[in-house]
Amino acid sequence: MTRFLFLLLFLIPTSLLNGQSRSTQVYDNGLVVSAEVYASEVGKQILQQGGNAVDAAVAVQFALAVTLPRAGNIGGGGFMVIQLADGTSTTLDFREKAPQRASRNMYVRNGEFDPELSWEGILASGVPGTVDGMVTALERYGRMPLELVIQPAIDLAQNGYYLSYTQAQELNSRFNTFSKYEGSKKYFTKEDGTPFKEGDLFIQKDLSEVLEQIARYGRDGFYSGSVADAIVQQMREMGGLISYSDLRNYSSKWREPVKARFQDYELSIMPPPSSGSIAVYQILDMMDDYALSELGHNSADYVHLMAESMRRAFADRSFYLGDPDFNDIPKQDLLDPKYNHARMIDFSMDTITHSSALSHGEFSNNYESDETTHFSIIDRDGNAVAVTTTLNGSFGSKVAVNGAGFLLNNEMDDFSAQPGEPNAYGLIGGEANSIEPGKRMLSSMTPTIVTKDGKVRMILGAAGGPRIITATLQNFLNIAVFGMNAQEAIAANRVHHQWLPDILFYENYGLSPDTIRLLEQKGHQLRTMSIARGHLIYIDPDGKKSSGVDPRGDGHAAGF
Ligand code: DON
């Protein structure tokens with residue numbers, strides 16, 4: 001069985017390694033769309049062997065931990081939205097938590113907040129949630145044993161896989177940073193110091209052993225025993241905070257999805273500590289009074305209306321949202337159509353509302369390169385899973401656990417490490433998202449499943465920090481309002497506004513010069529930026545499944 005899987009994976013044509021599958025493809029049975037070709041193929045094989053969407057999701061998550069080390073992970077966390085064919089919908093929160101020894105001012109040095117400390121190095125990591133999440137999801141909804149769904153990942157780590165051009169470049173671009181940390185240097189640079197090349201066979205022996213421990217002992221294979229020893233040892237050597245009891249006590253959590261209605265669609269979205277659900281809900285509510293299809297896709301008025309709605313939702317995000325286990329989030333109010341319509345009372349189609357007039361905050365354009373990954377899966381019975389998973393920044397804290405072969409996240413940066421100070425994504429947070437021991441940091445990851453008449457119609461989500469929220473919203477509207485197919489919807493140019501900085505972001509060549517002029521006349525300041533990478537599945541009323549693979553990345557659809 002193991003060998004069979006591995007042989008199949010080995011036969012992946014190298015042309016696919018650079019993400020050359022771009023057109024929408026239609027499938028009758030199962031479909032997996034992820035950011036990486038080996039991982040999508042693993043998911044497809046699990047589905048073909050009779051696994052359901054949850055089995056496949058767990059297999060894809062572990063495969064991504066091997067084949068997409070910059071974002072796929074076992075040292076990070078994420079969110080899973082599940083919609084079963086019988087109508088059940090739920091979500092699993094396997095977001096990292098602050099260690100018990102974390103404290104509000106842990107990134108303050110000599111009275112000054114030091115943003116580097118929450119971004120790179122040993123203090124940047126929250127307690128990883130991925131392994132607990134995968135085991136928990138599989139126990140409740142999977143059909144296959146853990147050993148079987150994790151085996152393809154073990155094979156890929158043990159026998160290696162061929163690096164794509166992008167993967168080789170990404171590893172090379174971090175050479176100096178990896179060289180600072182013993183484990184990272186060992187695992188993610190070449191011994192002779194030469195750069196990786198496209199087509200290099202990338203083998204991760206220590207990681208394969210960790211995956212084997214997990215296969216054998218479940219969550220204990222990660223949160224106790226030799227893997228926990230390696231994590232705690234790494235903490236001790238570098239002055240980190242994660243302890244044995246943090247690891248032992250980590251648990252993922254089932255949560256009710258936020259349900260938003262738009263036209264005849266019902267969206268099930270990851271609730272807090274993801275901010276995406278409430279923000280998407282609010283933006284849809286604010287836009288709902290307007291005839292969107294008449295405004296026209298990416299017309300100046302459509303972009304303006306969307307940007308003004310985004311601005312208001314992100315202002316609320318910064319103030320109200322954080323871990324619901326630590327804060328009373330006024331969810332009822334934020335999800336009240338009356339409230340959201342009232343937020344738009346001062347909206348004018350002719351002119352912007354300056355962000356400074358909506359709330360206070362600091363200007364920041366401190367954007368760093370970033371990485372997260374989203375995948376969407378549907379099985380032949382119509383069960384659907386949307387997962388967004390991350391180390392936060394590309395390659396997380398950049399610290400790999402020596403002896404265990406995996407990178408630790410830098411998710412602590414998603415807290416308002418200093419309330420009022422922007423994080424790496426320029427997001428301002430408030431008290432609700434301040435650091436507290438055991439608390440989960442606020443996220444923008446927005447895995448979403450959309451149904452119509454009780455049937456799954458879209459599985460959506462993206463990577464890209466706060467742009468995840470606005471991209472997921474636009475990908476949905478592109479289909480629901482503008483009738484685009486899955487590939488058109490994901491490829492279409494997007495815009496983004498997050499309240500602060502008070503800038504309307506658009507993609508290079510994504511708006512025509514006349515549209516830009518009209519938006520400037522309304523008062524917008526515009527700037528270009530690549531806006532998120534999503535992976536979506538669309539299911540038509542006859543049950544045909546089609547893929548939307550984001551041309552901004554190297555994603556891949558594998559269906560049958
Ligand atoms: O949870 C969050 O919102 C961030 N840690 C996500 C980071 C991200 O998407 C980076 N992406 N490309």
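1. Let's start with a helix pair. Helix α10 (residues 205-217) and α6 have axes that come within 8 Å and cross at roughly 170°. That makes α6 roughly antiparallel to α10, since angles over 145 degrees are counted that way. Please keep in mind as you read that this is a predicted model.

2. Which residues bring these two helices together? From α6 come L146, E147, I150, A153, I154, A157 and Q158, and they meet K205, L207, S208, L211, E212, I214 and A215 of α10. By class, the contact of α6 with α10 has nine nonpolar, two polar and three charged residues.

3. Next, look at α6 with helix α3, which spans residues 53-67. Their axes come within 8 Å and cross at roughly 20°. Angles under 35 degrees count as roughly parallel, and α3 and α6 are therefore roughly parallel to each other. The crossing of α3 past α6 is right-handed.

4. On the α3 side, the residues that meet α6 are D55, V58, A59, F62, A63, V66 and T67. Their partners in α6 are L146, V149, I150, A153, L156 and A157. This contact of α3 with α6 divides into eleven nonpolar residues, one polar and one charged.

5. A further partner of α6 (residues 146-159) is helix α2 (residues 37-48). These two pack at an angle of about 150°, and their axes are 10 Å apart. α2 and α6 are therefore roughly antiparallel to each other, and their crossing is right-handed.

6. What makes the contact between α2 and α6? Here Y38, V42 and I46 of α2 pack with L148, V149, P152 and L156 of α6. How do these residues divide by class?

7. Now to the ligand, which 16 residues surround. Which of them are closest? Those are T372, D414, S443, S444 and G465.

8. An N or O atom in the side chain of T372 is 2.6 Å from an oxygen atom of the ligand. For G465, a backbone N or O atom lies 2.7 Å from a ligand oxygen atom. G464 also has a backbone N or O atom 3.0 Å from an oxygen atom of the ligand.

Note on methods:
Residues are numbered from 1 along each chain as its sequence is written. This is a predicted model: local features need pLDDT of at least 70, side-chain atom pairs count only at pLDDT 80 or more; totals for chains, interfaces and linings use all residues. Side-chain values use heavy atoms; hydrogens and water are left out. Axes are lines fitted to C-alpha atoms, for helices over the stretch in contact, and angles run from 0 to 180 degrees between N-to-C directions. Helices (H or I, at least four residues) and strands (E, at least two) are DSSP runs, numbered from the N terminus. Angles under 35 degrees count as roughly parallel, over 145 as roughly antiparallel, 65 to 115 as roughly perpendicular and the rest as oblique. A crossing is left-handed if the near helix is turned anticlockwise from the far one by less than a right angle, and right-handed if clockwise. Contact means heavy atoms within 4.5 Å. A residue is near a molecule or strand if one of its heavy atoms lies within 4 Å of it. A polar contact is a pair of N or O atoms within 3.5 Å; within protein, one must be able to donate a hydrogen and the other to accept it, and residues adjacent in sequence count only if both atoms are side-chain atoms. Ala, Val, Leu, Ile, Met, Phe, Trp, Tyr, Cys and Pro count as nonpolar, Asp, Glu, Lys and Arg as charged, and the others, Gly among them, as polar.
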